[in-house]
Amino acid sequence: MKRDIHERIRFFRSFLANPRQVGAILPTSRRAVRDMLDMANFTRARCVVELGAGTGVYTEEIVARLHPEAYFLAFEVDPELVATLDGRFEDPRVRIINDSAENVGKYLDGAKVDVIVSGLPFTSLPEPVKRNIFEQITRVLAPDGVMVAIQYSTMVQRDLSRIFASVRRRVSPLNVPPAFLFRCSAALPQEAPER
Ligand SMILES: C[S@@+](CC[C@H](N)C(=O)[O-])C[C@H]1O[C@@H](n2cnc3c(N)ncnc32)[C@H](O)[C@@H]1O
């Protein structure tokens, strides 16, 4: 409980410092976390990636669902938020990475990802960053892989439909604010953006 409050304060401070990058004033509610992770199959997944881990509300629940032989990379770009995750997961399957989701491929050694869990605020990220991340996602996701993503509007759905053959959506009304949960599969190849 005390840790929860401390993490909410830390999260809010990061929001004040970088509102467009953080994209929400509070971490996602546990209910929405569970609802979204239920949209992916972790029993078969051997490589799982989280984008925008924040204070670790998804990270914790992903670790609880992770297959014993799986490995899990969690990316968070804000060093202050990474500090809330460091040392918390004493688990050899888990690696917390303080880098942008734009660089996921660099850490995978050519492996393909079975499940991507995204908390990234796609609609408020700079357009080139968003494009780079989408390009990475389509490049690293396994052909039968799945991305689940939380958003606070449906604006990103057009982008998602352009890069995935299948996009499903549900609402998590009890989250603050109410959230849209997306399940995307069958990624379509994208042209690499100019670097
Ligand atoms: C809406 S918050 C979600 C945090 C957490 N997943 C949750 O649900 O509470 C978005 C997170 O994405 C992180 N983020 C933004 N851009 C990023 C990037 N390019 N690479 C990695 N993380 C990024 C932010 O710092 C922030 O922690």
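A residue is called buried when its relative accessible area is under 20%. The legends below describe close-up views of a predicted model.

**View 1. A salt bridge between two buried residues, R93 and D91.** The side chains of R93 and D91 meet in a salt bridge, with 2.7 Å from N to O. Both partners are buried: R93 is, and so is D91. Salt bridges with shared partners also join D4, E7, R30, E60 and R88 into one network.

View 2. E80 belongs to helix α5 (residues 79-85) and R10 to helix α1, so the pair ties together parts that lie 70 residues apart in sequence. E80 counts as partly exposed because its relative accessibility is 43%. R10, by contrast, has a relative accessible area of 17% and is therefore buried. The structure as a whole holds 15 salt bridges.

View 3. R44 has a relative accessibility of 60% and so counts as exposed. D144 is likewise exposed, because its relative accessible area is 56%.

**View 4. A nonpolar patch on the surface, formed by F12, L16 and I25.** Together, F12, L16 and I25 have about 290 Å² of accessible area. L16 is located in helix α1, which spans residues 2-17. With 55% relative accessibility, L16 counts as exposed, since the term exposed applies to values over 50%.

View 5. In the side chain of T28, an N or O atom is 2.5 Å from an oxygen atom of the ligand. S100 places a polar side-chain atom 3.0 Å from a nitrogen atom of the ligand. A101 takes part through its backbone: a polar backbone atom of A101 is 2.8 Å from a nitrogen atom of the ligand. On its own, the ligand has 600 Å² of accessible area, and the protein covers 97% of this area.

Conventions: Residues are numbered from 1 along each chain as its sequence is written. This is a predicted model: local features need pLDDT of at least 70, side-chain atom pairs count only at pLDDT 80 or more; totals for chains, interfaces and linings use all residues. Side-chain values use heavy atoms; hydrogens and water are left out. Patches are made of residues with over 30% relative accessible area and no salt bridge: like charges are joined within 9 Å, nonpolar side chains (Val, Leu, Ile, Met, Phe, Trp, Tyr) within 5 Å. Accessible areas come from the Shrake-Rupley method with a 1.4 Å probe; for residues, only the protein chains shown count as cover. A salt bridge is a side-chain nitrogen of Lys or Arg within 4 Å of a carboxyl oxygen of Asp or Glu. Helices (H or I, at least four residues) and strands (E, at least two) are DSSP runs, numbered from the N terminus. Buried means under 20% relative accessible area, exposed over 50%, partly exposed in between (1.4 Å probe, protein chains only). A polar contact is a pair of N or O atoms within 3.5 Å; within protein, one must be able to donate a hydrogen and the other to accept it, and residues adjacent in sequence count only if both atoms are side-chain atoms.
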